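Please read this briefing alongside the sequence and the coordinates. The points are grouped by topic.

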Amino acid sequence: FKYTQEGSPDRFAALNFLFGIVADVDFRSEWLRWMGELRFTAQAVWEILVLRAHHCPATIRLLPGDPATTDWVEFTDNIAFWACTNPRYLSSSTLICPDASLSDGQMDIVLMRGRPSRLRMLQFLLKMDTGAHIGMPGVETHRARQLAVTPHFQKGLFGVDGERIPFRSIRMEHHPIQIPTLAKPSPPSEMLLPAHGRG
C-alpha cells in the first residue's frame with residue numbers, strides 16, 4: 001500500500017500500519033531486544049499497568065473494500081488498539097488477522113475503541129497468539145482499500161512495517177501488484193538448479 005503524510009514524500013509499505021498499545025509495545029521495547037520476542041510480552045504487561053496507550057483519540061475514515069462502494073465510513077473515538085495489515089501474522093507468534101490475505105487487494109484492520117479495562121486488554125493480547133481475539137466484545141474488524149487517520153493529540157507513536165514514522169495525519173491506499181515490479185529477473189546463469197542437479 002502507499003501512504004501519504006503532509007511534508008513527506010509518498011512511500012510504499014507491504015506489511016502493516018500500527019498505533020495504540022501495539023505500537024507502544026513495539027517501539028518502547030527496543031531496549032529489550034536481547035530478550036527476543038519475549039520483549040513484547042514484558043512491555044505489554046507494563047503498558048497494560050500504566051494504561052498509557054489507551055489515550056489515542058483519532059478520527060478514522062475508511063473506504064470499504066467493495067469496489068461498488070464509494071461512501072466513506074467515518075468515526076471519531078479513542079483508539080486503544082489499531083493494526084492495519086496485509087499478512088495474517090504480526091510476528092511469528094501473533095495471529096493478528098486470521099482472514100487477511102496478501103492477494104485480496106484490501107487492507108485488513110483490527111481495532112478496539114473506547115477505554116478497555118486492564119483485564120479486557122490483557123485477555124485481548126493473550127488471545128492474539130491463536131487469533132481468538134477476533135470476535136471478542138469491543139473488537140472490530142474492517143476491510144478497506146483506502147483509509148485516513150487523524151490523531152487528536154500531539155504525542156504518540158505510528159509504525160509502518162516496523163519503522164517509526166511522524167505522528168501526524170496519514171492517508172493510505174492499497175496498491176496491488178506492486179512488489180513484483182521491484183525485482184528484476186535473474187540472468188540464466190544465476191538461476192537455481194533443480195534439487196537433483198545441485199552438487
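**Helix packing and overall architecture**

In this predicted model, Ile21, Asp24, Val25, Asp26 and Arg28 of helix 1 are in contact with Arg39, Phe40, Gln43, Ala44, Glu47 and Ile48 of helix 2. The protein chain as a whole has three helices and 12 strands, and 42% of its 199 residues are buried.

**Helix 1 against helix 2**

- The axes of helix 1, which covers residues 21–28, and helix 2, which covers residues 38–50, come within 9 Å and cross at roughly 125 degrees, and that angle makes helix 1 oblique to helix 2.
- The crossing between helix 1 and helix 2 is right-handed.
- Helix 1 is largely enclosed by the rest of the structure, because seven of its eight residues are buried.
- The buried residues of helix 1 are Ile21, Val22, Ala23, Asp24, Val25, Asp26 and Phe27, and among them Ile21, Asp24, Val25 and Asp26 also meet helix 2.

**Helix 2 against helix 3**

- Helix 2 also packs with helix 3, residues 118–127, where the two axes come within 9 Å and cross at roughly 160 degrees, which makes helix 2 roughly antiparallel to helix 3.
- The contact is formed by Ala44, Ile48 and Leu49 on helix 2 together with Arg118, Met121, Leu122 and Leu125 on helix 3, and helix 2 passes helix 3 in a right-handed crossing.
- Ala44 and Ile48 of helix 2 are listed in the contact with helix 3, and Ala44 and Ile48 are also listed in the contact with helix 1.

**Cysteines**

- A search of the whole structure finds zero disulfides, and for Cys84 the reason is distance, because its sulfur lies 9.5 Å from the closest cysteine sulfur, that of Cys97, which is too far for a bond.
- Cys97 is likewise in no disulfide, with the sulfur of Cys84 as its nearest cysteine sulfur at 9.5 Å.
- Cys84 is buried, with a relative accessible area of 0%, and Cys97 is buried as well, with a relative accessible area of 5%.

**Gln146 in strand 9**

- Gln146 belongs to strand 9, which spans residues 139–151, and Gln146 counts as buried because its relative accessible area is 15%, where the cut-off for buried is under 20%.
- Gln146 and Glu173 stand 27 residues apart in sequence, yet their C-alpha atoms are 4.3 Å apart in space.
- Apart from neighbours within four places in sequence, the contacts of Gln146 are Arg61, Leu62, Leu63, Trp72, Met107, Arg171, Met172 and Glu173.

**Asp161 in a loop**

- Asp161 sits in the loop between strand 10 (158–160) and strand 11 (163–165), and at 28% relative accessibility Asp161 counts as partly exposed.
- The phi of Asp161 is near 50 degrees, a positive value in a residue other than glycine; for background, most residues other than glycine have a negative phi.

- Among contacts in the protein chain with a separation of 6 or more, 64% are between residues 24 or more positions apart, and the pair of Gln146 and Glu173, in contact, is 27 residues apart in sequence.
- The protein chain exposes about 11,200 Å², of which carbon and sulfur atoms supply 57%.

Terms used. Residues are numbered from 1 along each chain as its sequence is written. This is a predicted model: local features need pLDDT of at least 70, side-chain atom pairs count only at pLDDT 80 or more; totals for chains, interfaces and linings use all residues. Side-chain values use heavy atoms; hydrogens and water are left out. Helices (H or I, at least four residues) and strands (E, at least two) are DSSP runs, numbered from the N terminus. Buried means under 20% relative accessible area, exposed over 50%, partly exposed in between (1.4 Å probe, protein chains only). Contact means heavy atoms within 4.5 Å. Accessible areas come from the Shrake-Rupley method with a 1.4 Å probe; for residues, only the protein chains shown count as cover. A disulfide is a pair of cysteine sulfur atoms within 2.5 Å. Axes are lines fitted to C-alpha atoms, for helices over the stretch in contact, and angles run from 0 to 180 degrees between N-to-C directions. Angles under 35 degrees count as roughly parallel, over 145 as roughly antiparallel, 65 to 115 as roughly perpendicular and the rest as oblique. A crossing is left-handed if the near helix is turned anticlockwise from the far one by less than a right angle, and right-handed if clockwise.
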